[in-house]
Amino acid sequence: MSRTRGGREGEERSARVGDVLPGLLRRLGIAKEVASQEALVAWGPAVGPHIAGVTRATAVANGVLFVSVRSSAWLSELNMMKRELLRKLNAGCTEGRIERIIFRLDSR
């Protein structure tokens, strides 16, 4: 039987969540989707302060990042820059890469 650190015979061995979670996510088949959620945080640093100031990454689903844009002029400009923005966003990313960006006019 296993023991915990300093535990008694028959007790389950404890593990750190950070050590177990990646394997669990892979077994559940959702590791890629969970990793892709990082794009919500990575958007601003990847595109820089100027673009981040007029956009807001709002959701990720099935490899698609949804981004709200402040004006129609910026919407047009960013649509022309999609390939470059995808390259920057996915730089160094091995799992959970973003395959597509959809820009939407911010309705707020």
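1. The accessible surface of the protein chain amounts to about 7,600 Å², and 53% of this surface belongs to carbon and sulfur atoms. Accessible areas come from the Shrake-Rupley method with a 1.4 Å probe, and for residues only the protein chains shown count as cover.

2. This is a predicted model, in which local features need pLDDT of at least 70 and side-chain atom pairs count only at pLDDT 80 or more, while totals for chains, interfaces and linings use all residues. Residues are numbered from 1 along each chain as its sequence is written, and side-chain values use heavy atoms, with hydrogens and water left out.

3. The protein chain holds 6 helices and 3 strands. Helices (H or I, at least four residues) and strands (E, at least two) are DSSP runs, numbered from the N terminus. From that terminus on, the order of the elements is α-α-α-α-β-β-α-α-β.

4. Of the 108 residues in the protein chain, 30% are buried. Buried means under 20% relative accessible area, exposed over 50%, and partly exposed in between (1.4 Å probe, protein chains only). Among contacts (heavy atoms within 4.5 Å) between residues at least 6 apart in sequence, 50% join residues at least 24 apart.

5. Strand β2 (residues 64-69) is largely enclosed by the rest of the structure, because 6 of its 6 residues are buried. Val 64, Phe 66 and Ser 68 point one way from β2, whereas Leu 65, Val 67 and Val 69 point the other way.

6. Strands β1 (residues 55-61) and β2 run antiparallel and are joined by 6 bridges; two strands pair if DSSP finds at least two bridges between them. In the hairpin of β1 and β2, 2 residues lie between the strands, and Asn 62 takes a positive phi near 50 degrees.

7. Strand β2 also pairs with β3 (residues 100-105), through 6 bridges, and these two strands run parallel.

8. In helix α3 (residues 39-47), the residues Ala 39, Trp 43, Ala 46 and Val 47 are buried. They lie on the same side of α3, because they cover an arc of only 90 degrees around the axis, the arc being that of the directions from the helix axis to the C-beta atoms. Val 41 and Pro 45, on the other side of α3, are exposed. After α3 comes Gly 48, with a positive phi near 90 degrees.
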